[in-house]
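Hi,

Here is the structure I promised to pass on. Please open it beside this email as you read.

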Amino acid sequence: MGRKMENVTAVTEFILTGLSDLPAFRFSLFVAFLLIYLVTLLGNGTILLAIGTNSQLHNPMYFFLSNLSLLDIFCPTSTLPKMLENLLTENSSIPFAGCVLQLYFLVALAGTEVFLLAVMAYDRYVAICNPLRYMVIMNKKLCLQMTVGTWVTGFLNSLLHTVMTFTLPYCQLNKVNQYYCDIPPMLALACASTYVAEMVIFIVGGIFGVGAFLITLISYTHIIATILRIRSAEGKRKAFSTCTSHLIVVCLFYGTIIFTYIRPS
């Protein structure tokens, strides 16, 4: 028993192996990801500047859009700088504390975006299905409350999952099969039962995730039904144009989530 305990050492750093099998393409990947990151920052920064400086855009839809742009800046910032550093230096290690912070902010920001997309879907539902009362229903107080609620819920949800993940013991195995710290590859390295952590993810994540998805789905079901009832083609086009960009973002976001976490191994 004593010898077995001597061989168990706590992990102080992790090795991100997600891109280690492509050594010949390190510089090319660095340039590609850097350009994508800079375009993301520039594009979302431009949106924030335009909304902030144009008083005509100070309405609920663009208020939520500005929050979405912030999330689209913060979310890649939680993982890409470290990935770019690893690609450039050929050092794929990340300290234990750095991995904890990376996972926390990634899950928090991604979760917040799920909730915000649901709020934006509800906003479009009110705008198209109840246009005469839109400004009464979507008043500044309600918009602020819903926005704060999405951020607080996203970060509290992430805190729960981060604590459940990193209170598990990690010993000897430290090679993360991903290019950033995420819950599934971290649980795969734990040297104790992950049943409780997995059940918490399944139950809490399921309730929040499915709930937000259902709000989005129900909102768009009513939106599409309302648009189909509009007689003029021009009216249909104008109504649909107000939610096309959001619908595209929803499809891309959930498509990425499904491909990353739900597809077969």
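Below are notes on the sheet and on one pair of helices. Keep in mind that this is a predicted model.

The sheet

The sheet is open and has 3 strands. Their order is β2-β1-β3, and the pairing is mixed. Strands β2 (93-95) and β3 (175-176) stand at the edges. Each has a single partner strand, so one side of each has no neighbour in the sheet.

Strand β1 covers residues 13-16 and runs parallel to β3. The two are joined by 2 bridges.

Next, look at α2 (residues 26-53) and α3 (residues 60-77). These helices pack at an angle of about 155°, and their axes are 9 Å apart. Angles over 145 degrees count as roughly antiparallel, so α2 is roughly antiparallel to α3. The crossing of α2 past α3 is left-handed.

Which residues of α2 and α3 meet? From α2 come Tyr37, Thr40, Leu41, Asn44, Gly45, Ile47, Leu48 and Ile51. From α3 come Tyr62, Leu65, Ser66, Ser69, Leu70, Asp72, Ile73, Pro76 and Thr77. By type, the residues of this contact are 10 nonpolar, 6 polar and 1 charged.

Best wishes

Key. Residues numbered from 1 in each chain as written. Predicted model: local features only at pLDDT ≥ 70, side-chain atom pairs only at ≥ 80, totals over all residues. Heavy atoms only, no water. Pairing = 2+ DSSP bridges. Helix = DSSP H or I, 4+ residues; strand = E, 2+ residues; numbered from the N terminus. Axes fitted to C-alpha atoms, helices over the stretch in contact; angles between N-to-C directions. Parallel < 35°, antiparallel > 145°, perpendicular 65-115°, else oblique. Left-handed = near helix turned anticlockwise from the far one by under 90°. Contact = heavy atoms within 4.5 Å. Nonpolar A, V, L, I, M, F, W, Y, C, P; charged D, E, K, R; others polar.
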